[in-house]
Amino acid sequence: MDLNQLTIEELHGQLIEKKIKPSEILDSVYRRIEAVDPKVKAYLMLTKELAYSQAKKAEERLAKNDNVTELTGIPIGIKDNMCLDGYETTCAAQMLKGYKPPYTATALLNLEKAGAVFTGKLNMDEYAFGSSTENSSFQTTHNPYDLTRVPGGSSGGSAAAVASDMCIAALGSDTGGSIKQPASLCNVTGLRPTYGRVSRYGLIAFGSSLDQIGPITKSVRDNAILLKYLAGIDAKDSTSAPVGVPDYAKNIRPDIRGMKIGLPKEYFIDGMDAQVKSKIIDAVKLLESSGATVKEISLPYTEYALDVYYVVAPAEASSNLARFDGVQYGLRDTKADNMIDMYKRSRSAGFGKETKRRIMLGTYVLSSGYYDAYYKKAQKVRTLIKQDFDRAFAEVDVILTPTSPTTAFKIGEKSSDPLTMYLSDIFTIAPNMAGMPGMSVPAGFDSSGLPIGMQVLSAPFNEQMIFDMADFYQKKTNWHTIKPKF
Amino acid sequence: MAITRKDVEYIANLSRLEISESEVDEYTKQLSDILEHINRLSKINTDNVEPTYFVIDMKNVTREDKVEPSIDRKKVFDAAPSIENNGFKVPKII
């Protein structure tokens with residue numbers, strides 16, 4: 001097996017035994033990118049020079065056995081909405097083409113400190129608005145399991161790159177399902193941590209009460225390793241939570257006897273893809289026969305989560321995107337002769353269709369006369385959604401659902417109808433609105449060979465339960481090891 | 001509640017966006033569809049329910065008032081479309 005196909009855990013073992021060098025891993029990753037990225041189109045930019053200098057530093061650390069971590073020498077891809085000092089960071093938006101931020105996101109600094117190597121910047125929907133990566137201003141990423149289909153989104157580049165071994169792991173970000181849904185569609189393991197678990201400093205903001213950075217990996221154990229280095233309080237993000245970070249991977253339980261699983265009846269509805277439903281039921285049966293108890297629960301306000309999300313997230317986005325005004329950075333129209341026209345012309349030229357749609361929707365629900373009817377009403381229903389989950393987690397340890405109601409859809413299939421596209425996130429949005437962490441873990445394939453993902457949710461700051469349940473599932477199944485064929 | 005072309009033009013202006021005539025039509029239809037979906041929220045009884053603007057129980061995070069190094073000014077200006085005399089240069093405001 002080539003080095004690029006291995007997991008963090010496997011590579012770390014070989015690195016500390018001095019069987020391989022970080023530069024050799026990197027060579028094999030870049031060879032793979034050269035071979036398959038022309039078809040997948042996951043990367044927007046490669047950071048080769050930086051990566052080889054980081055690999056060299058990692059090699060020195062390993063040679064001296066100085067401050068070696070599980071991430072030392074491991075090549076990691078980065079979603080292009082995380083600032084990396086001096087390297088183009090575009091959010092896949094025309095507005096930020098050529099923009100080189102003057103600082104680095106805390107999550108990336110944490111990985112750099114641990115000795116990780118950054119392979120490059122990965123494609124996404126512009127500003128993370130989308131569920132297919134088709135809203136990128138620069139290119140559409142293709143699903144490695146079927147190149148005519150979408151990889152999901154918005155972290156579609158990250159999920160596709162991990163699935164096709166073009167990096168060992170990647171970072172994504174998740175607002176309404178942007179890590180979990182593409183992980184599901186690309187057969188990889190993606191975690192959206194609890195809101196506040198990972199610093200958002202340097203993550204270009206979409207919905208500030210929802211955004212979280214999280215790991216996309218080839219296994220649950222790799223995911224647990226990566227989260228340990230990403231997580232923690234950051235003085236530069238006042239919403240990062242003062243909650244200690246355990247050694248998740250080390251603490252993973254060897255079995256799941258006695259763990260309580262909740263199955264919400266609202267997530268197993270008529271009309272959903274029968275093959276998706278049956279694979280999730282299979283997974284639940286497997287876990288039940290291994291000693292977990294299963295209980296039907298109800299999350300009645302889930303039905304309204306999408307509506308709440310499409311008020312709150314665009315409202316926050318319209319406020320956050322006010323910063324793109326052509327003054328301090330980004331695209332500037334040079335023909336306007338007054339300030340207001342400069343704003344309008346710069347923003348109209350720099351933003352894509354979906355971005356404009358969300359800004360206008362957000363502006364509308366916040367505008368005078370509609371604020372109480374839409375924005376405040378939605379935040380009250382959000383309370384009811386959160387109470388559903390709080391009640392459920394008083395009785396169960398984890399909740400299992402499908403991640404996405406369907407497998408990967410065709411490129412172009414949903415791009416003309418925003419509402420249908422929004423429904424792709426119907427199972428991920430409710431827990432996100434409530435601040436719950438959640439993972440998508442590979443749970444099989446449909447009859448066309450397209451991946452199906454299972455969503456594993458836990459109470460806030462209880463990611464350990466997710467890792468316990470999902471790692472046990474991966475020990476009993478091999479779905480996550482089935483690679484795409486090109 | 002359907003929104004009108006006039007609403008869309010008004011919101012576009014508030015959002016500092018210029019949109020073409022055909023885009024006004026397109027957005028009027030799409031935003032109306034989305035808002036129609038969202039209007040289901042009005043049926044839910046939320047009497048005595050407090051809004052959740054923020055999901056974790058934290059407020060007023062403060063730090064010691066101590067000067068620390070910040071981002072280098074030159075690096076910030078390097079990303080700016082137009083600068084003059086240590087400032088961002090913009091067109092006429094009034």
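This is a predicted model: local features need pLDDT of at least 70, side-chain atom pairs count only at pLDDT 80 or more; totals for chains, interfaces and linings use all residues.
Of the 22 residues that line the second largest pocket, Cys83(A), Tyr103(A), Gly202(A), Arg323(A) and Tyr329(A) lie nearest its centre. The lining of the second largest pocket divides into 14 nonpolar residues, four polar residues and four charged residues.

Over all chains, the structure holds 24 aromatic pairs. One of these pairs is formed by Tyr145(A) and Phe445(A), whose rings are tilted, with 5.8 Å from centre to centre and 50° between the planes. This pair links distant parts of the chain, since its members are 300 residues apart: Tyr145(A) lies in the loop between β3 (117–122) and α5 (156–163) of chain A, and Phe445(A) belongs to strand β10 (residues 438–445) of chain A. Tyr145(A) has a relative accessible area of 16% and is therefore buried. Phe445(A), with a relative accessible area of 15%, is likewise classed as buried. A single aromatic cluster is formed by Tyr99(A), Tyr127(A), Phe129(A), Phe206(A), Phe324(A), Tyr329(A) and Phe351(A). Tyr329(A), a member of this cluster, is also among the residues that lie nearest the centre of the second largest pocket.

Lysine side chains are also placed over aromatic rings. Lys48(A) lies over the face of Tyr30(A), at 5.2 Å from the ring centre. Lys414(A) is positioned over the face of Phe409(A), and the corresponding value is 4.3 Å from the ring centre.

Most residues other than glycine have a negative phi, and most peptide bonds are trans. The bond that joins Gly153(A) and Ser154(A) is a cis peptide bond, with omega of about 10°. Ser154(A) is placed in the loop between β3 and α5 of chain A. Tyr127(A), a member of the aromatic cluster, is found in the loop between β3 and α5 of chain A as well. Although Tyr127(A) is not a glycine, its phi is positive, at about 55°. The relative accessibility of Tyr127(A) is 2%, so this residue counts as buried. In chain B, Arg16(B) is not a glycine either and has a positive phi of about 55°. Arg16(B) occupies the loop between α1 (5–14) and α2 (21–38) of chain B. With a relative accessible area of 26%, Arg16(B) is partly exposed, whereas Tyr127(A) is buried.

Gln212(A) is part of strand β6 (residues 212–217) of chain A. Gln212(A) counts as buried because its relative accessibility is 1%, which falls under the 20% limit for that class. Leaving aside residues up to four places away in sequence, Gln212(A) touches Gly172(A), Ser173(A), Asp174(A), Ile179(A), Arg192(A), Pro193(A), Thr194(A), Tyr195(A), Gly196(A), Arg197(A), Val198(A) and Arg200(A).

Gly444(A) is found in strand β10 of chain A, the strand that also contains Phe445(A). At 0% relative accessibility, Gly444(A) is counted as buried. Beyond residues up to four places away in sequence, the contacts of Gly444(A) are Lys279(A), Leu450(A), Pro451(A), Ile452(A) and Trp479(A). Gly444(A) and Gly130(A) are separated by 314 residues in sequence and by 24 Å in space, C-alpha to C-alpha.

Phe268(A) lies in the loop between β7 (260–264) and α9 (274–289) of chain A. This residue has 15% relative accessibility and therefore counts as buried. Phe268(A) and Thr401(A) are 133 residues apart in sequence, yet 7.7 Å apart in space, C-alpha to C-alpha. Thr401(A) is also among the residues that Phe268(A) touches, which include Leu263(A), Lys277(A), Ile280(A), Ile281(A), Leu400(A) and Pro402(A), not counting residues up to four places away in sequence.

Key. Residues are numbered from 1 along each chain as its sequence is written. Chains are lettered from A and ligands numbered from 1 in the order in which they are written. Side-chain values use heavy atoms; hydrogens and water are left out. On a 1 Å grid over the protein atoms alone, a cavity is a set of points where a 1.4 Å probe fits but cannot get out, and a pocket is an open set with protein on both sides within 12 Å along at least five of seven lines; lining residues have an atom within 4 Å of a point. Ala, Val, Leu, Ile, Met, Phe, Trp, Tyr, Cys and Pro count as nonpolar, Asp, Glu, Lys and Arg as charged, and the others, Gly among them, as polar. Helices (H or I, at least four residues) and strands (E, at least two) are DSSP runs, numbered from the N terminus. Buried means under 20% relative accessible area, exposed over 50%, partly exposed in between (1.4 Å probe, protein chains only). Contact means heavy atoms within 4.5 Å. Rings of Phe, Tyr and Trp (its six-membered ring) pair if their centres lie within 6.5 Å; planes under 30 degrees apart count as stacked, over 60 as edge-to-face and the rest as tilted. A charge sits over a ring if NZ of Lys or CZ of Arg is within 6 Å of the ring centre and within 35 degrees of the ring normal.
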